[in-house]
Amino acid sequence: MNRQSPKKVAEQARRRELVEALQRAGLWECQIGQVFARIPTESMQHEWRHKFAAAAAACMGEPTGIHERRKRSAVGSLTTLANLMPACTPCNQWVEAEPEAAHAVGLVVRPGDHEWFLCGKGRNE
């Protein structure tokens, strides 16, 4: 049997509380789709314009989970709002399939980005 450490159990509880708070505050909608809607695609090169237009059209609006801008494998926080975005499945899949385009509009955070440390785990996590 795979048991979670008490620290991991507490982290998952904080994450559930955060999701519930977002839902109560009326902020439970696909935030990735909102990013797509704000992108001025008319000034983009054709390849990226097509990618963002297709992604925006696929957005379901209702989140099915949370997208982590700084991945867990890169020690991204599971409980820091700067790292978390409610997302529908098509939008989250698009981010995973198009990492360069997603990074260009801030949906992915990498080492050297100004938000890298904001999206990481702090010493208390």
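What follows is a short exchange on an arginine and some aromatic rings in this structure. The model is predicted: local features need pLDDT of at least 70, side-chain atom pairs count only at pLDDT 80 or more, and totals for chains, interfaces and linings use all residues. Residues are numbered from 1 along each chain as its sequence is written, and side-chain values use heavy atoms, leaving out hydrogens and water.

Student: Is R69 buried or exposed?
Tutor: R69 lies in the loop between β1 (65–68) and β2 (84–87). Buried means under 20% relative accessible area, exposed over 50%, partly exposed in between (1.4 Å probe, protein chains only). R69 has 8% relative accessibility, so the label is buried.

Student: Which backbone oxygen does the side chain of R69 reach?
Tutor: R69 touches residues including M85, E115 and C119, leaving out those up to four places away in sequence. Contact here means heavy atoms within 4.5 Å. At 2.9 Å, the side chain of R69 reaches the backbone oxygen of G106.

Student: How are the rings of F36 and W94 arranged?
Tutor: Rings of Phe, Tyr and Trp (its six-membered ring) pair if their centres lie within 6.5 Å; planes under 30 degrees apart are stacked, over 60 edge-to-face, the rest tilted. The count comes to one aromatic pair. The centres of F36 and W94 are 4.9 Å apart and the planes stand at 80°, so the pair is edge-to-face.

Student: How many residues apart in sequence are the parts that this pair ties together?
Tutor: F36 is buried at 4% relative accessible area. W94 is buried at 11%. F36 sits in helix α2 (residues 31–38) and W94 in helix α4 (residues 89–97), so the parts tied together are apart in sequence by 58 residues.

Terms used
Helix = DSSP H or I, 4+ residues; strand = E, 2+ residues; numbered from the N terminus. Polar contact = N/O pair within 3.5 Å; in protein donor to acceptor, adjacent residues only side chain to side chain.
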